[in-house]
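Subject: Structure handover

Hi,

Here is the structure I promised to pass on. Please open it next to this email and follow along.

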Amino acid sequence: SSIFFFFFFLMIRRPPRSTLFPYTTLFRSSLTTVFLKKAVIQNATIVYVDGPTGTSQRISIDELSAQMDSATAPLLLDLTAFYGDERVELTGEIRGIAGLMSGEPLGLDMTVSAVDATLEVEGSVDQPLGDLAFDLAVNASGDSLSRLSEFAGSPVAGLDEYSITATVSGNAGQFNVTNLAVSIADMRMDGELQVDLSKEPL
């Protein structure tokens, strides 16, 4: 694989004299002014091996680019990759990286395309380095839910064009799905869900 880095700027401000934790203050202060002007990764392979089962998954990256125009600018992402024979494309931006260490939320605006499907996610992620919380608008649509289910390893025949929209908010353990609207061919469903992953299964 080849990795190209362009114009990586590092600026560290002097911490206040009164601080009792100079190294912590220095790190927090510097992060607000560290940014990656542009990075490009080409022809790389990521292999994930599941510990309990030993099964492996391989993702081949054709090109991944990440770019910021300033320390406070959004991080722009553009990915083209392959999962097996399926082409995967991701574009979007992450906002608020400069305020990450001070606890400010990150803003997300992402679009993923794969298996003749498109997934759009927009919203905010709070405390990504701590007690993760999120509030996201999700929109998924595609030409064949059967093909997507087959790709996911649980094939279901006879499901064609579909669209799913929802607002997902909460944390990794408990979250709510509101404004849920599901359309599969001529079938329509809507409603709300509450998901609790923090409880032990029965």
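Which residues have the most contacts inside the largest nonpolar core? They are Leu75, Leu77, Ile94, Phe134, Leu136 and Val177. The core has 22 residues in total. Strand 10 gives the largest share, with five residues.

Before you go further, keep in mind that this is a predicted model.

Now the overall layout. The protein has two helices and eleven strands. Read from the N terminus, the order is β-α-β-β-β-β-β-β-β-α-β-β-β. The protein has 202 residues, and 25% of them are buried. Take the contacts between residues at least 6 apart in sequence: 33% of these join residues at least 24 apart.

Leave aside residues up to four places away in sequence. Leu136 then touches Leu108, Val121, Glu122, Gly123, Ser124, Val125, Ala166, Thr167 and Val168. Select these on your screen to see what surrounds Leu136.

Next, the empty space. Rolling a probe the size of a water molecule over the atoms shows where such space is left. The largest pocket holds about 220 Å³. It is lined by 15 residues, and the closest to its centre are Val112, Ala114, Ala117, Leu119 and Leu148. Strand 6, strand 7, strand 8, helix 2 (145-151) and strand 9 each supply at least two lining residues. What is the lining made of: nonpolar, polar or charged residues? The count is 13 nonpolar, two polar and no charged.

Last stop: Ser183, in strand 10. Is Ser183 buried or exposed? Its relative accessible area is 14%, and the cut-off for buried is under 20%, so Ser183 counts as buried. Again leaving out residues up to four places away in sequence, Ser183 touches Glu161, Tyr162, Ser163 and Arg188. With one of these, Arg188, the Ser183 side chain makes a side-chain polar contact of 2.9 Å. Ser183 and Ile164 are 19 residues apart along the chain, yet 6.4 Å separates their C-alpha atoms.

Best wishes

Note on methods. Residues numbered from 1 in each chain as written. Predicted model: local features only at pLDDT ≥ 70, side-chain atom pairs only at ≥ 80, totals over all residues. Heavy atoms only, no water. Core = buried A, V, L, I, M, F, W, Y, C linked by side-chain atoms within 4.5 Å. Buried < 20%, exposed > 50% of the residue type's maximum accessible area, 1.4 Å probe, protein only. Helix = DSSP H or I, 4+ residues; strand = E, 2+ residues; numbered from the N terminus. Contact = heavy atoms within 4.5 Å. 1 Å grid on protein atoms, 1.4 Å probe; cavity = no way out; pocket = protein on both sides within 12 Å on 5 of 7 lines; lining within 4 Å. Points joined across faces, edges and corners; volume = space filled by probe spheres on them. Nonpolar A, V, L, I, M, F, W, Y, C, P; charged D, E, K, R; others polar. Polar contact = N/O pair within 3.5 Å; in protein donor to acceptor, adjacent residues only side chain to side chain.
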